[in-house]
Amino acid sequence: MKAVWLFQRGLCGLRRIWEARFGRSARRVCLDRGMTTSEYAVGTIAACAFAAVLYKVVTSGAVLSALQSLIKDALDAKF
């Protein structure tokens, strides 16, 4: 979060330099602060899709048997 703030602060500094040199307003640079609703929706859908794929992989037969054998080997280890 701090890096985003520093980046936006840097953009505002560039805006001031642009206005001093060219006399044009560049205020649009500092107005975009954060994601819009559509970006949140796309991010949420992508996260849910990733979670569904990860759930399917973890609950597959091959992964379950590998985890069971790993746990069995760990519990049967001799010290």
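Helices, as the term is used here, are DSSP runs of H or I with at least four residues, numbered from the N terminus. In this predicted model, the protein reads α-α-α along its sequence, with three helices and zero strands in total.

**Overall surface**
- The protein exposes about 7300 Å² of accessible area, and carbon and sulfur atoms supply 68% of that figure.

**Nonpolar patch**
- A nonpolar patch on the surface is formed by Phe-50, Val-53, Leu-54, Val-57, Val-58, Leu-67 and Leu-70, which together have about 660 Å² of accessible area.
- Two helices, α2 (37-58) and α3 (61-75), each supply at least two residues of this patch, and the helix that gives the most is α2, with five residues.
- As background to such arrangements, an α-helix has 3.6 residues a turn, so residues three or four places apart point the same way.

- Helix α3 is hardly covered, because buried means under 20% relative accessible area and the count of buried residues among its 15 residues is zero.
- The length of α3 agrees with expectation, because at 1.5 Å a residue its 15 residues should span 21 Å, and its end C-alpha atoms are 21 Å apart.
- Leu-70, found in helix α3 and one of the residues of the nonpolar patch, has a relative accessible area of 55% and is therefore exposed, the cut-off for that class being over 50%.

Definitions and conventions. Residues numbered from 1 in each chain as written. Predicted model: local features only at pLDDT ≥ 70, side-chain atom pairs only at ≥ 80, totals over all residues. Heavy atoms only, no water. Patch = residues over 30% accessible without salt bridge, like charges linked within 9 Å, V, L, I, M, F, W, Y side chains within 5 Å. Areas by Shrake-Rupley, 256 points an atom, 1.4 Å probe, with all protein chains shown as cover. Salt bridge = Lys/Arg side-chain N within 4 Å of Asp/Glu carboxyl O. Buried < 20%, exposed > 50% of the residue type's maximum accessible area, 1.4 Å probe, protein only. Expected span 1.5 Å × (residues − 1).
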